[in-house]
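Let's take a friendly look at a protein model together. Keep the sequence and the 3D view side by side as you read.

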Amino acid sequence: MGLSAAKPLIRRHAEIGIFLIGAVLIVIFASTSEGRWANLYNIGTIMQMTATLGLMSLGVALVIGTGEIDISVGSTFGMGALTYLWLAAHVDPSIAALAAIVVGAAIGFFNGLLVTWTRTPSLIITLGTLMIFRGIAIALTEGFSFSIPYAARKGWSYFLLGGDVFLGFNTALYWLIAVLVVLMVMLKAMPFGNRLLAVGGSVESAHSRGVRVERIKLSAFVLCGLLAGFAGTLEAGKLGFADGSMGRLMELQAIASCVLGGCLLAGGRISLPGALMGAFVLSSIQSYLVVTGVQPQWFVLILGVIVVLAAYGDKSLRQWALRK
Amino acid sequence: MTNNNPLIQVKNLDLHFGAFHALKNVSVDFHAGELIGLVGDNGAGKTTLIRVLCGIYTPSSGEVFFDGRKVEKFHPKLAIDQGIETIQQSVGLCDNLSIARNFYLGREPLKRILGIPFLDFGTMREKSSRVIRQFGLRENVSADDEVERLSGGERQSVKIGRAVEFKNRVVIMDEPTNHLSVREREHVNELAVQLKEQGLLVIYITHDIFQVHKLADRIVIMENGEKVADASTDSMTAEELEEVIRQGGRVVEKREAV
């Protein structure tokens, strides 16, 4: 009786599943790690991982909202990080960050243009650009890594861009919160959001009502690239170095975060808080495996199994909610 | 009252979808204050023709003039801006959006705060609620409900309500009475006549020649992508028009240019 009352809520809010899964995992991880997982330092680390993965996931969610997909974000993330590190050694970090964001947005524009202009499925286009920009990143670094000299790791702009903590959390987390608020307002309360979800819901109907479908898709790709470039900047700001493999496989984590968070791959229905919770769950799982001393060679495998189980749990919950 | 200068003039229109020749050298005039019945069998090219008029398709060749000016670019946004409202048969509503959001899609009312445009939810809800009530949507359906929840008839009512609310110069109705009850059909047909009397051009697409013959001033018949007849309803009975369709337009020559 009590549980059945929750059904309409679960039907209406697809992200509820991932919040429940997150709550269950928190209890399991906290109770089985003898305090190594649930401590302030580790939570801060998880939040930092969530911040950068979350920013990417928000961008991917926007693209998914239009019914397309961007699997090149891992490479865009890497390009953003390398641009930031390369420039921050010479100019103020705020200018370096701006350049990294522009590089990310340009990659997004390139993706969006190819998708809308050639009308080729975005999965294929962004699979290609994933490899192109990974290749460029590896070629640029020539097997070495880019880093910011210790002498340059100072100043408020460096600290603001992921280089320090504030109130116990890396500054990247505050950027994530700010971006979430802006995107939520854009999606729910502005014409752009209405049109973006309309395009994902039915391209033909949106087009017939005068929506410029190509422009909306292009904008979503640009925002996605921009956010991935910015996430790369914040990650680079925290680590202080990066090589050509920076961001490898993060594209899959970003997409998994969105799907776990209730974003429909067919488009039209997305949840930005859900995508963030998905990023938090994935980051938490990674952290749990690290603190419990799982051998690195098993890491990806176990992560994959947990993601499959979480996705199955989420699907079962939604099916239950849909039953009368 | 019709005007001698056509509001929409279609000249030698051709449209190809790859190897398929969907519209073949179609020429037809539409005047303000007219109710035109566009009829023909499935695949005749009726919907394709109106999709050119409302900017969804760009013709392969030929010309379209709106109010004497040649249409250079085809896009639904441009057609809507010129005052053409269309009730599409299979498209027009996004299931994942609320009725209010669908109602104003592409022309959202705005409220500026510090110069930033935000959706004016108050206006969206209030106006769309009023209109959907007029078109018989259930009391328990709210403007905030997603369209997915609606029945076929209710969805059609939302499309009709939207077209009537934003009517400007032309209302194109593609099979508007599909999924509607007898009473709702009568209401839609009365509306079509009222719109015509208000001086609008109404293009009414249907399979039901008897129904449209009662309403229309003129009937345009299409067959295999061609216009095969264009006759005033005073000059031909519904039975004669039906015979034209049955004969695939072969009896047209002696009847055309009435």
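## Helices and a nonpolar patch

Helices here are DSSP runs of H or I with at least four residues, numbered from the N terminus. This is a predicted model, where local features need pLDDT of at least 70, side-chain atom pairs count only at pLDDT 80 or more, and totals for chains, interfaces and linings use all residues. Residues are numbered from 1 along each chain, chains are lettered from A and ligands numbered from 1 as written, and side-chain values use heavy atoms, without hydrogens and water.

A:Phe110, A:Ile132, A:Ile136 and A:Leu140 make a nonpolar surface patch of about 340 Å². Helix 6 (residues 122–141) of chain A gives the largest share, three residues.

Helix 7 (residues 156–163) and helix 11 (residues 213–239) of chain A have axes that come within 7 Å and cross at roughly 110°. That makes helix 7 of chain A roughly perpendicular (65 to 115 degrees) to helix 11 of chain A.

## A salt bridge

A:Glu68 and A:Lys217 form a salt bridge (side-chain nitrogen of Lys or Arg within 4 Å of a carboxyl oxygen of Asp or Glu). Their closest N and O atoms are 2.7 Å apart. The pair links distant parts of the chain, 149 residues apart.

Definitions and conventions: Axes fitted to C-alpha atoms, helices over the stretch in contact; angles between N-to-C directions. Helix = DSSP H or I, 4+ residues; strand = E, 2+ residues; numbered from the N terminus. Parallel < 35°, antiparallel > 145°, perpendicular 65-115°, else oblique. Patch = residues over 30% accessible without salt bridge, like charges linked within 9 Å, V, L, I, M, F, W, Y side chains within 5 Å. Areas by Shrake-Rupley, 256 points an atom, 1.4 Å probe, with all protein chains shown as cover.
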